[in-house]
Structure formats: structure tokens, C-alpha cells
Amino acid sequence: MPFPRIVPSALWLVLHLTAGPCRRGAASAGRAARGATEVCAKGTMTASPCCAIPAGTNVTLSCQLAAPRARGWCRAAIFLNSSEQSRAQGGSVSKTLLVTAQGRHYFTCKCIGGGRTALICGIDIHCGNPPDEPRNVSCIQKGTQGRPTCTWHKGRLTYLPTAYGIQLSNGTNTFSFPEEAPSQVLFGSGALSRLDFGSNYSVVVSASNPLGNASSQPLTFTLIDIVKPLPPEFSVEFDDSSGTSCTIVWHHEAQAQHCRLRHRPLGRHGWSTVESLSRERFHLQGLEPDTAHEFQVSCRMLPGRGLWSDWSSSQGSTPAAVPTGTLDVWYRQQELHSGLQNLSFFWKALSRWEAGGRILCYNVTLEALEQGKLPAQSHRTTRTSFSRVTPRAGHRVTVTAQSPRGSSAPATVLTHLGSPDLPPPQRVSAVGLGNSSILVSWSPPARAALPLGGYLVEWAEPWREPQLQPPHSWVKLPPSHLSTVIAEHIRDNVCYQIHVSALYQDRAGQAASVRGNSTAQAPSAGPQMVTTPWASGVLVSWEEIPAPQQRGCITGYHIYLHRKDGQGQPEVHAVPAGAPRSLHLPHLEPGEHHELWMTAATAAGEGPRGNSDSVCLDGAGDWLTLGLICSFSILSACLCSVPPARRVLRWLLSLLLPQWHSKAIPDPANATWARSLAAAKAELSAPSSPFLPGGAFEEPEASPVEETPAQPEPPKAGDKEEVGSAGSRGHGEWAAESSPEEQQLPELYQRLLLEAMEPPEPVYICNRGSLAPEPAPEPEPSPLPVFPTSAFVPAALCCPGSLTLDRVKLSS
């Protein structure tokens, strides 16, 4: 180490540590152990202690004016940083102050009088800390030809002028080096002289200020330990045949014998690192094809010794390759009308490494398993799904991925319309593991007709629309796996429908289903129910809680039935999940009011109640009302069977009904010619009472009536015959115009009256070409008719060529 450089550094350090802290221009400053005096032209100022003090020190300040003549007209005052602290009449003043703030404090003495202020003298006091022990000392040399530099952490700020220096020892000699660019910062640094590779060195960093001294712990090293090589230069050569490998060649300083390499696809955060590279060439494999990569290399002097160099970087893209993976394909089947079905196929995209780079498209081929159903069809798509409507039959579907370098191996799946001979797995269960994952377990199927090829696990949200379901919600497993943890597209507090199927030669058998959730909370709402009285009880039905409010898989429902008087505890009826959403609660006491409500529960607990409803079945009063109605009906029937009672009842009803209802409908039998015929008939035979003994009325026997054709006479103009009395239309006079056919009516009515005297028979009403039996009304005479009277006499007989009323013309 050159001596001319060491001597000036040592002299600078000695002078810096022994220099007096209190100086001001040309004025002299004396340094005492406990105080200092500043002598000026107009006076003297003394501070004790001075001039570097720790925080919380009491400092006594005094000021003495030099000119006696000035003592009479001014007052001496002490100021701290331009703020007056004390003043006194005469030529002197003294004050003791507590100094707590760290840093530089400027005390001055001034003469105040006659409206003027004159500066007499001043003194500086520094309040600070003694130096801390320097820590984290380290030395580094950049490159084999660089200059060593040591750095350290100073600790807390001292607020005082503090000198730092480096003592370097090689076991024989000690050399000192000052701090470069001293400043009040937390870190310090200093440069050393050239070192050689064959020596061991020790470095100690020392610090000193008026309040104390400190030194660091020694740092021992060799030059190899502190040398940091320069970043190496390297190049990357890609293997075009595979697309997943490359060769890296680098050049470094002659002394660097150990390097490391890291790489990643461009834009990703994680690195893949390869260390312990002792050669300058390395063949790297396992890269993603057709992908831009970033490569970095770093070196150090020896394995396990020395400092790593900074990373040197390079970028490059791997070429595309032939796909090496096989697509994972599955399907969903939906039956349509008219013998059609909708087949939807899904597959998981290959990784970049399996695809050999970028996938251009996917080729889908459909082939019906039954001959003549449908010819083979090929389709191309850029999506990871494909749908097609086909006849309802089994199909063989093949899907391949196409890249710029070729196609992947074909993935084949067989659809089917149902395979009862392919049983499902047994004892399927789902257990939530939290953290958005579910454990699904099962047992092998029993008595399978075909060899078992594996298992398929599917999951979906049951209340979510199929088009909104996330893709790729299935996983295929080998036959040896009887459980799996599903975590893809799984959300917490959501119920999933899980299907497990056994695979038989690329064909899925029947599926076993189970519901599961990763985590669950109590439902946030209760079911909305509807109550219906039913068979001496009540039928309760309800709807599912909306999916966002279920917050997991519903395990059951609770129906609460409570008497409204509040006595006793409510009855609780449990309904497991999956059962019909209705329950009949029998044997409710009639006339009592009951309150019903429902709750739903998950594995986390029971949720709040839903809507409430009050139920009261019909009581004894309703049965009494029904009995009274029945009794009144029976009594009325009995009374109506007695003629005097019937007449009284009719009279009472005539008073209650409207007046128009009491008017009789005009009867053609009451016409003038009809009455004359009745009178002639009365002369021939004795009158007969319309009532039989005991009040029973017998219907006259039906007899055939023949319509005698007659030659009608031509009617005269304006010739009319009255057949009723005057009144409004529908309720007044009816006038019938005479016609040739109508002239035959008197003979007909005469025959009808004669037939009426014979024993009664069932009455028939004639419509054109049809006979309809109808009970005849009783011919009860009444002065106050209540119901409309019959338009004809009770006996109306029908026969071929039957009489109809469409030939009778009535006029008002």
C-alpha cells in the first residue's frame, strides 16, 4: 500500500478530532471543560457548558457590555434564535435556559434602548447525540480490476460534526481511510487501496464527535469474498426440431468459475432457475413451444464463495412443435321432440407445452353407431365447445387439435341413449374442505357387464342457467382412484350438484348424484309457504329459497305450528331435503287459530323464518248452520206436500217477489174458442177434480194425437181473432192472426180436453222429431198465482206428424 496516501489521511483525522468547536470570525474562542466565552468589540458573552451538549442540558448564559457610557441609556438582553429570553437594566444580564431541541442554537446579546437595538456579541451551541456503533459493514470490489469500497450504517443522527474513518489491517500493518463526502446521512462509505488475492484483511469503522467515540465490529475477508464479477455476456440458440429446447453459451471474466441461469415465458412473474453451472455452455429443455422467453445469467468467482454478479438478460422465441397431448373431451345430451337430440361437446384446451404452441382450430367428427342413421360429418371450430342437433341415436365423436406443425392424437367419446347394464358407482359422498374445494368419494359399481375404464366426475350449480355455467366442470380419473378433490370453478357458500359415472370403453354408465359445498352459512331467508285446509288438517307447500339466499346446500326444512293463544311450545315438523315440498298436518282442532311458519337449514345452522300464516278450521258453528239449512229444506218439502200450506206459502212468496212475476203468461187454452170448447165438454161429462185423495196427483196417460189435415179457407183481409188480454210485449195481450192451419186448432183442443179427463200418464214435450219426458205441473187453482201457469193443458201427446207451436202466430 503506498505510504504517501496514508500519511495525509492520518493527519486529517487528528486535526479534525482536535479542532475547537466554538469559533467566530477573528474573535478568539477559549475552550474550557465546562464553558466557553465569546469576546467581541462591544462586549463579552459566556455560555456554560459549551459548545456541544446533549439534549436536556441547562445552559447558563451571561452578557457584559464593554462601553461604560452605554450602560446608562440601554438595557442588555439575551436572545435565543431571535426570540428574547431575558433583559436587565445596566450593562450586564444573565439567564439559565433548558435546551431540549436537537440541532444548532444561536444565542445573542443585544443592547435595547431609545427605540434602537444593537448587537453586542453571540455564541453557538450544538445539541446532539454521541455517535452510535457503525453497523452492517460490508466491502465490495466490482470486477477483478476494480477498487474496493466499504459501506456502513451510521445509526441515529448525531446533529454534531462527527468524523468517520476506516482502519484496514492485513495482520502486519494498519491503514486509515477517511469517509468519502461526509454528511449528516444514515449511510457512509469509503474507498480502500488495491488489495491482493493472497492476503486476509480486517476492517473496522470508527466514529468520533465532542460527545463520544464508537467503533464497529471487525469485518474479516479475502479479496475473493468481496469481488463481484461483471455481468457475463451470453447467447441463446433454439432447437428447431423439438421447439422445447435451446443451448445457452456465455462468456465471463477468466476468474469466474460458477454461474447460474434462470428463465421464464415473457410476461410471467415466476422464474425457473438452474444453478451450479461450471461450464460456459448449457442445453436447456422443457420450454414452452412457440413462446417468447426471457433468459438471465449470473456468475461468481468460486462455488460457495464470492458475490454474484448482476443479471445479464436476453430474449428469444421457441419454434412451434407437433402437439403431444390428447384432448380431454366430454358431452351433454338433451332430448328434443320428434326423435331428435341436442349433443353438446366440451373439451379442455391443451397447455402450451402439450399443444406445441398455438392451436389454430379443432376438428370434430360425428359418426352414428347405427347404420343408416346419419353419415359421418366433420366440422371445424376455433372454440372449445361444439353443439349439433342429431337423430336420437348413439354416436362416436372424435376431436383433434390442429397446430401449425400438425394435429394432436384423436380423442374419442361414445354417446348413448341410456345403458341400464352399466351401473353407477356406489356410496357417493361430498365433504366440504373449505378454501373453495370439495372432497368427493365413492365405491366401485357392482356387477358391471364391461371392464371398468375409469371414472368421470361432473359438477354444476343446479340453479344456474346452462349457458352461464363455467366451462370444463368435469374431471376424468383412472379406475384406481375412488376419490378426488374438485377445486376448479368452485365458490364458497354455493351448493353444487355432483355426478359420478363409471367409464366403460369410453362410454359413461349411469350416474350417481350428490350435492355438496365447500363452505356453508345459515340461509339468509326462509321459505315462502302456502297453506290450504285439507281433510281435518292443513296442507303446507312451499317454494325453494332463491339460490343466492341459500348460502350452501339445504339439509332440511322445519315447519312450526303454534296455537295463537301463545300457550305451550310450537310443534316442529322436520322435512329432509330432497323430499316433496309439501306436508299434510292432520288432526287440527276445529275453531282454534294456529300460526304456521317455516325455516330452512344448512350444515352451518338454521336460517330465519319465512312468511307466517294463520289457519282456523271450520268449527261447530258451521256444522250447526249446515244442519239448520238441511232442516229447513226438509220442513219446506213437507209443507209443500200439504195443499193448504202450499197455498199459504205461495201467497207469502207473491208478496216478496216482483209484481211482474205474479202475472200469468198468456195461455192459448184460455182463448174464447178454447173456453167455449171447455164449456161444451162440461155439458157432456161431470167435472173432475185436479187433486187426488191424499194430495197426490197422477199424470194422465199419454195418448197419440193425430193431426187431421183440412182444407184451409182463404182468410179475409183484416180478419183477426183475439186469443188473450191486453198488456205490454211479453207480458200483455197476445193476438194471433188466423190462418188456414190455425182453423184446425179448435178440434185439436177439443180432443185434448177429452183426453185430459182420462187417467193421467207421463207428460212429454214435443220438439221436432224428438220426445222428452217432463213431469206435468199440478193443475192447482189459485186466486193469487205466484208461478207462471202452463200455456197448455197438462196432457200433450206426441205421435208421427206431431203438433208443434211454430204454426201458431201470436201478436200483441
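Analyst: Lys-348 is buried, because its relative accessible area is 19% and the cut-off for buried is under 20%. This is a predicted model. The side chain of Lys-348 meets that of Asp-328 in a salt bridge, at 4.0 Å from N to O. Lys-348 belongs to strand β28 (residues 340-348) and Asp-328 to strand β27 (residues 328-335), so the pair ties together parts that are 20 residues apart in sequence. Lys-476 joins in as well: Asp-328, Lys-348 and Lys-476 are linked in a network of salt bridges.

Aromatic rings come next. Trp-330, Tyr-331 and Phe-345 form one aromatic cluster. Strand β27 spans residues 328-335 and strand β28 spans residues 340-348.

Now the other salt bridges. Side chains of opposite charge can pair when their charged atoms come close. Across the whole structure, a search finds 14 salt bridges. One of them joins Arg-305 to Asp-225, with the closest N and O atoms 3.2 Å apart. This pair links distant parts of the chain, 80 residues apart. Arg-305 is in the loop between β25 (292-300) and β26 (312-317), while Asp-225 is in helix α2 (residues 223-226). Arg-305 counts as partly exposed, at 35% relative accessibility. Asp-225 also counts as partly exposed, at 28%.

Arg-268 and Glu-288 give another case. Their side chains meet in a salt bridge of 2.8 Å, N to O. Arg-268 lies in the loop between β22 (258-265) and β23 (272-277), and Glu-288 lies in the loop between β24 (281-284) and β25, so the pair ties together parts that are 20 residues apart in sequence. Arg-268 is partly exposed, with a relative accessible area of 43%. Glu-288 is buried, at 16%.

An arginine can also face a ring. The charged end of Arg-262 sits over the ring of Trp-271, 4.4 Å from its centre. Arg-262 lies over the face of Trp-311 too, at 4.1 Å from the ring centre.

Back to ring pairs. The count comes to nine aromatic pairs. In one of them, the rings of Trp-152 and Tyr-164 have their centres 6.3 Å apart. Their planes stand at 35 degrees, so the pair is tilted. Trp-152 lies in strand β12 (residues 149-153) and Tyr-164 in strand β13 (residues 163-169), so the pair ties together parts that are 12 residues apart in sequence. Trp-152 is buried, and Tyr-164 is buried too.

β12 and β15 pair in the antiparallel sense, over five bridges. In β15, Phe-187 stands opposite His-153.

Phe-187 is exposed, because its relative accessible area is 55% and exposed means over 50%.

Last, the backbone. Most residues other than glycine have a negative phi, and most peptide bonds are trans. Here are some exceptions. A cis peptide bond joins Ser-48 and Pro-49, with omega at about -5 degrees. Pro-49 is in the loop between β3 (43-48) and β4 (52-54). Another cis peptide bond joins Cys-50 and Cys-51, with omega at about 10 degrees. Cys-51 is also in the loop between β3 and β4.

Two residues have a positive phi. Ser-82 is not a glycine, yet its phi is near 70 degrees. Ser-82 lies in the loop between β6 (75-80) and β7 (83-89) and is exposed, with a relative accessible area of 70%. His-489 has a positive phi of about 60 degrees, although it is not a glycine either. His-489 is found in the loop between β39 (483-486) and β40 (496-504). Its relative accessible area is 32%, and His-489 is partly exposed.

How values were computed: Residues numbered from 1 in each chain as written. Heavy atoms only, no water. Phe/Tyr/Trp six-rings, centres within 6.5 Å; stacked < 30°, edge-to-face > 60°. Helix = DSSP H or I, 4+ residues; strand = E, 2+ residues; numbered from the N terminus. Buried < 20%, exposed > 50% of the residue type's maximum accessible area, 1.4 Å probe, protein only. Lys NZ or Arg CZ within 6 Å of the ring centre and 35° of its normal. Pairing = 2+ DSSP bridges.
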